Amino acid sequence: CTFGAAVLQWISLCSLYRKGLFAMSAVSSFFHNGTLPSTYFADRTDLPEYVPVYSSMNPVESQIFAWVLHFRQLSYKLDYRENQTGVQRLKNIQEDIKTGKFKQAYLLYGEEAYLKQQYKRNLVKALNPDDDTMNFTRYEGKGIDVRELLSLCDTMPFFAERRVVLLEDTGFFKNKCEELADYMKALPDYLYLVFCESEVDKRSRMYKAVKACGSIGEFKQQDEKTLMRWAAGILGKNGRRITQRDVELLLTMTGTDMGNIRMELEKLISYTVGRDVVTAADIQAVCTTQTTNKIFDMVRAVTEKNQKRALDLYYDLLTLREPPMRILFLLAKQFRQICLTKKMSQEGLSQTEIASKLGVPSFVVRNLASCARSYTVEELENAVRDFVDAEEAVKTGTLGDVLSVELLIVKYSSARAVRA
């Protein structure tokens with residue numbers, strides 16, 4: 001009986017899922033953004049026909065719908081708390097720099113290299129304000145002699161209060177380093193360690209050791225809204241204004257790496273001396289398009305059946321000495337993302353949800369969705385398979401690498417490409 005009841009509830013849930021997918025998308029928007037779409041929920045009479053209301057559900061469906069809402073809300077709250085904890089840790093490091101009351105160990109890690117380097121420089125500068133080379137040591141890379149490091153750490157500072165040791169990309173937080181982890185249980189009062197790592201295993205003894213005696217800062221890739229505000233803020237400090245659409249264009253060309261964005265902003269500021277507005281024409285004139293974005297321009301040309309432009313872009317990339325196999329890989333990745341975007345859109349997921357699942361900014365999803373309109377899901381799945389087959393043909397010597405990409409571009413930019 002219990003099994004039968006569970007099956008019935010599961011069938012009801014599936015039915016509810018099909019009917020309520022769009023409503024869940026709106027609820028998800030509320031938990032992500034803190035606002036409900038007013039046209040969906042503010043007034044029940046304004047609800048579109050495909051958004052179910054509780055009155056149209058049977059008691060089992062209503063209960064399941066409430067459970068689903070509860071667990072999704074709990075999930076978003078946990079994500080929010082985790083993000084808030086990360087933000088608070090960074091604020092704590094900033095506060096240490098400001099007040100001069102330092103922990104004895106700091107770990108800075110994450111994929112956003114620009115922010116990580118900024119914090120590293122500021123922290124080292126605060127710990128060693130006089131640029132004292134006698135009491136500051138920097139180690140970089142794997143293969144560090146741990147015993148030599150510990151011997152240095154045991155050496156009292158020379159006519160100074162602190163000995164500062166900066167360690168970068170050591171691998172200590174991925175591979176075992178038992179001696180240093182044990183040593184960190186009782187650090188000398190004068191010793192301050194700063195670790196700056198690309199990869200970290202939170203289960204490692206080193207991670208736990210730093211957490212116990214110091215402070216940890218994780219630098220995640222920033223979301224599009226943060227990047228847009230940051231870019232607009234830098235331009236604003238230099239007396240420039242820019243529209244949201246043009247900031248999106250800038251990010252489309254530069255990607256989401258903050259270091260790269262910063263360099264392109266410097267170019268824009270210099271280029272627009274004497275003017276207070278940065279335009280799309282300025283961005284296109286001086287900003288360098290990243291390879292991945294050139295690939296997307298080529299994909300767009302393919303989906304628009306603009307074969308000449310697609311091939312011209314391909315030959316431009318070859319002129320820039322971009323390896324054909326890398327181009328093939330990036331093309332395959334773009335078509336895979338277009339296919340996934342198409343599928344998730346049909347399932348009723350919002351642009352924000354799709355962006356989260358793909359790990360790309362929302363405006364990229366908008367561009368992917370635009371390209372997806374040119375194909376059916378089946379055609380996109382066939383395209384992904386074709387890219388895999390092309391890679392295999394190149395690796396087995398059946399086909400040349402340059403020709404393989406050329407043939408795929410011609411096939412999918414043809415007016416009768418996949419329907420032929």
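This is a predicted model: local features need pLDDT of at least 70, side-chain atom pairs count only at pLDDT 80 or more; totals for chains, interfaces and linings use all residues.
Strands of a sheet pair through backbone hydrogen bonds, in either a parallel or an antiparallel manner.

The pairing of strand 2 with strand 3 (residues 163–168) is parallel and extends over 5 bridges. Within this pairing, Tyr139 stands opposite Leu167 of strand 3, and Glu140 has Glu168 of strand 3 as its bridge partner. Strand 3 is mostly covered, with 6 of its 6 residues buried. The cover applies to both faces of strand 3: Arg163, Val165 and Leu167 are buried on one side, and Val164, Leu166 and Glu168 are buried on the other.

Taken over the whole chain, the secondary structure amounts to 18 helices and 5 strands. Of the 420 residues, 44% count as buried. Among contacts between residues at least 6 apart in sequence, 73% join residues at least 24 apart.

Among the helices, helix 9 (residues 244–254) has as its buried residues Asp246, Val247, Glu248, Leu250, Leu251, Met253 and Thr254. These buried residues pack against helix 8 (224–237), helix 10 (258–271), helix 11 (280–286), helix 12 (291–303) and helix 16 (362–372). Gly255 follows helix 9 and has a positive phi, near 85°.

Helix 17 (residues 377–395) takes part in two helix pairs, considered next. Two packed helices are described by the angle between their axes and the distance between the axes. For helix 14 (residues 324–346) and helix 17, the axes come within 9 Å and cross at roughly 160°. Helix 14 is therefore roughly antiparallel to helix 17, and the crossing of the two is left-handed. On the side of helix 14, the contact involves Met325, Leu328, Leu331, Ala332, Phe335, Arg336, Ile338, Cys339, Lys342, Lys343 and Gln346. These residues meet Val377, Leu380, Glu381, Ala383, Val384, Phe387, Ala390, Glu391, Val394 and Lys395 of helix 17. By class, the residues of the contact between helix 14 and helix 17 comprise 14 nonpolar, 1 polar and 6 charged.

The axes of helix 17 and helix 18 (residues 401–413) likewise come within 9 Å and cross at roughly 160°. Helix 17 and helix 18 are therefore roughly antiparallel, with a right-handed crossing. The contact is made by Asn382, Ala383, Asp386, Phe387, Ala390 and Val394 of helix 17 together with Asp401, Ser404, Leu408, Lys411 and Tyr412 of helix 18. The contact of helix 17 with helix 18 has 6 nonpolar, 2 polar and 3 charged residues. Ala383, Phe387, Ala390 and Val394 of helix 17 are listed both in the contact with helix 14 and in the contact with helix 18.

Methods:
Residues are numbered from 1 along each chain as its sequence is written. Side-chain values use heavy atoms; hydrogens and water are left out. Two strands pair if DSSP finds at least two bridges between them. Helices (H or I, at least four residues) and strands (E, at least two) are DSSP runs, numbered from the N terminus. Axes are lines fitted to C-alpha atoms, for helices over the stretch in contact, and angles run from 0 to 180 degrees between N-to-C directions. Angles under 35 degrees count as roughly parallel, over 145 as roughly antiparallel, 65 to 115 as roughly perpendicular and the rest as oblique. A crossing is left-handed if the near helix is turned anticlockwise from the far one by less than a right angle, and right-handed if clockwise. Contact means heavy atoms within 4.5 Å. Ala, Val, Leu, Ile, Met, Phe, Trp, Tyr, Cys and Pro count as nonpolar, Asp, Glu, Lys and Arg as charged, and the others, Gly among them, as polar. Buried means under 20% relative accessible area, exposed over 50%, partly exposed in between (1.4 Å probe, protein chains only).
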